[in-house]
Amino acid sequence: MACAIMVASVGLNVNSTAVVIGAMLISPLMGPIVGAGFALGIYDFTLLRKSLKNLLISTLVGLIVSFLYFLLSPFKEAQSEILARTAPNIYDVLIAFFGGLVGVIAVTRVEKGNPIPGVAIATALMPPLCTAGYGLATGNFGYFAGAMFLYTINCVFICIATFIIVKYLNYPAAGLVDNKKASSVRNWITGITLLMIIPSVYFAYRFIQQFYDKVSQYITKEFEDKGNTIVYRKTFYSSDPRRVELAFLTRHFTADQIAEENKKMADFGLENTKLIIRQDSAFLANANKIQNNEAGNDAAKIAAELNAKIDRYTFNTENLYSEAKAIFPDLNSLSAAKQEILSDADSAAVIPVAIYESEKELPEAEKQKLRKWLQVRLKVDTLELYNRKK
């Protein structure tokens with residue numbers, strides 16, 4: 001275990017994928033993990049304690065050796081192989097679970113296969129353990145916590161996959177097991193599974209969201225803040241490498257400039273991401289057309305909103321005064337509008353209001369007649385009528 005962890009530490013330190021894979025292949029960690037899952041499946045708690053003890057000793061050895069290596073190593077920069085093990089998510093859960101299934105299915109078959117090397121590479125137990133040691137040695141406890149969570153995910157779900165296969169194949173129990181103890185084992189497995197899955201789903205969402213945030217920061221700082229108009233923008237997260245496609249209204253980029261922009265992306269945390277700038281005339285013409293259509297749609301939307309506001313607060317008062325004057329000769333002026341009444345309630349009420357002016361006060365009968373005429377003329381059910389001089 002100490003030799004394997006040393007090989008993995010060197011591989012992470014010099015960012016060598018081949019060396020890291022070699023360390024995975026010589027790692028003895030699969031034994032106690034599969035043993036723990038098998039012990040749970042047959043309720044052999046003596047074997048479970050032995051497996052967990054061996055796993056704990058191996059984990060401590062791995063942490064100590066990797067901690068000492070990175071403490072003494074003059075090169076302490078976090079390479080991509082290290083960074084890849086600091087942000088576990090739900091995809092790591094799936095890899096560990098199905099990788100564990102493959103391993104257990106193979107070792108329980110009559111026709112033996114040898115998928116354990118592939119399982120060891122896929123589930124990657126050694127690199128996160130080394131990364132945890134790196135985090136301790138450099139004082140970066142965020143790296144330590146992320147790597148240990150990834151290591152725990154791998155151990156737990158390989159163990160759970162083993163338990164499921166053992167139960168499916170109806171291996172006999174190691175001894176008499178009462179229902180209470182069997183139920184307790186299932187409850188513990190369910191609780192631990194949820195404890196691993198829930199934060200993994202959250203970390204997956206946060207990881208993807210952080211990528212889009214970094215893309216936005218990069219585009220804003222490198223292009224938009226410098227006065228470049230972008231007419232097309234699309235991000236492809238699931239591709240390998242991830243892609244960011246842009247097209248500009250007037251700016252043209254040379255091949256060297258595009259290569260330089262791709263180098264800058266790493267400064268924004270956008271490793272394994274390629275910038276593609278669309279510059280062919282047919283594509284730009286189509287993008288401009290789409291942008292113009294979108295601008296036209298926005299203008300139509302704004303106009304519709306303004307018209308709705310006008311309808312909400314105004315009446316069509318064309319010829320209103322002249323018509324009223326013919327019926328009520330004493331009127332000097334007349335106006336009508338919709339008034340918003342504010343109150344403590346969440347919604348505001350809008351009521352029709354008419355204000356008139358006359359040389360002498362209209363009799364009450366004339367006021368009522370004027371009110372009813374306005375209701376019919378303005379097509380409203382209620383109306384507040386006020387004398388301006390009052």
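Me: Which residues make the nonpolar surface patch of about 610 Å²?
Reply: In this predicted model, the patch is made by Leu56, Leu60, Ile64, Leu68, Leu71 and Leu72. Patch members have over 30% relative accessible area and no salt bridge, and nonpolar side chains (Val, Leu, Ile, Met, Phe, Trp, Tyr) are joined within 5 Å, like charges within 9 Å. A salt bridge here is a side-chain nitrogen of Lys or Arg within 4 Å of a carboxyl oxygen of Asp or Glu, and the areas come from the Shrake-Rupley method with a 1.4 Å probe, with only the protein chains shown counting as cover for residues.

Me: Where is Ile64 found, and what is its relative accessible area?
Reply: Ile64 is found in helix α4, residues 45-72, and it is exposed, with a relative accessible area of 51%. Buried means under 20%, exposed over 50%, and partly exposed in between; helices (H or I, at least four residues) and strands (E, at least two) are DSSP runs, numbered from the N terminus.

Me: What are the ground rules for numbering and confidence?
Reply: Residues are numbered from 1 along each chain as its sequence is written, and side-chain values use heavy atoms, with hydrogens and water left out. Because the model is predicted, local features need pLDDT of at least 70 and side-chain atom pairs count only at pLDDT 80 or more, while totals for chains, interfaces and linings use all residues.

Me: Switching to strands, how do β5 and β6 pair?
Reply: Strand β5 (residues 349-358) and β6 pair in the parallel sense over four bridges, where pairing needs at least two DSSP bridges between the strands. Tyr386 in β6 is the bridge partner of Ile355.

Me: And which way does the chain cross between them?
Reply: From β5 the chain passes through helix α14 (residues 364-378) to β6, in a right-handed β-α-β crossover; with the strands pointing away from the viewer, that path over the helix runs clockwise.

Me: Which residues of β6 are on its covered face?
Reply: Leu385 and Asn387 form the covered face of β6 (residues 384-387), whereas Glu384 and Tyr386 form the uncovered one. In a regular strand the side chains alternate between the two faces of the sheet.

Me: What about Lys379, is its phi positive or negative?
Reply: Lys379 has a positive phi of about 60 degrees although it is not a glycine. Lys379 lies in the loop between α14 and β6, and counts as exposed at 74% relative accessibility.

Terms used. Buried means under 20% relative accessible area, exposed over 50%, partly exposed in between (1.4 Å probe, protein chains only).
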